[in-house]
Amino acid sequence: MMDDLRELYQEVILDHGKHPRNYGTIEDYNHTAHGHNPMCGDTLVLYLKTDADDVVRDVSFKGQGCAISVASASLMTEILKGKTVTEAERLFAAFHDMCTRDDAERPSDVDEEALERLEVLSGVREFPVRVKCATLAWHTMDAAVHDKGEISTE
Ligand code: ZN
């Protein structure tokens, strides 16, 4: 990866880590879940409001963790608004691939712009322990939409 690109990615992660977007509790959520990454100590509560067509109308999170886990949750909340639950699940699968495989493919049924935004976190590929930090928010989103209540990355 080019150095200036890596630097830009680092800046985005630090910015979202320090100033997380959509932080807090939305009032009328209809899905929620707790996520926990014991490897790093990251914890997250996600709140989702979906409408009758399964479109995410609002989303927020609370929690504590390393810069990567907070930045990932912050970015995810920005991306999820307006997406259907199915689109969110597809993005999760593609993002997970991006974080774990060098030869990850770009599925054609996934929002390309959203995936590009998530690329700032793809550097975790080189640090397997960090993959769980980067994907915790998405695992928690998956638990929330399936009303599982709680997930652990272990
Ligand atoms: Zn972490």
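Strand β1 (residues 31-37) runs antiparallel to β2, to which seven bridges join it; two strands are taken to pair if DSSP finds at least two bridges between them, and helices (H or I, at least four residues) and strands (E, at least two) are DSSP runs numbered from the N terminus. The model is predicted, with local features requiring pLDDT of at least 70 and side-chain atom pairs counting only at pLDDT 80 or more, whereas totals for chains, interfaces and linings use all residues. Residues are numbered from 1 along each chain as its sequence is written, and side-chain values use heavy atoms, with hydrogens and water left out.

Within this pairing, H31 has L48 of β2 as its bridge partner, and in the hairpin of β1 and β2, with four residues between the strands, G41 takes a positive phi near 90°. On β2 and strand β3 (residues 56-64), eight bridges are found in the antiparallel sense, and Y47 is partnered by S60 in β3. Seven of the nine residues of β2 are buried, that is, under 20% relative accessible area with a 1.4 Å probe and protein chains only.

The zinc ion has as protein donors (N, O and S atoms within 2.8 Å of the metal, or 3.2 Å for Na, K and Ca) C40 (SG), D42 (OD), D42 (OD), C66 (SG) and C133 (SG), at 2.2 to 2.7 Å. Because D42 lies in strand β2 (residues 42-50) and C133 in helix α5 (residues 128-145), the pair ties together parts that are 91 residues apart in sequence. Both D42 and C133 are buried.

Terms used
Buried < 20%, exposed > 50% of the residue type's maximum accessible area, 1.4 Å probe, protein only.
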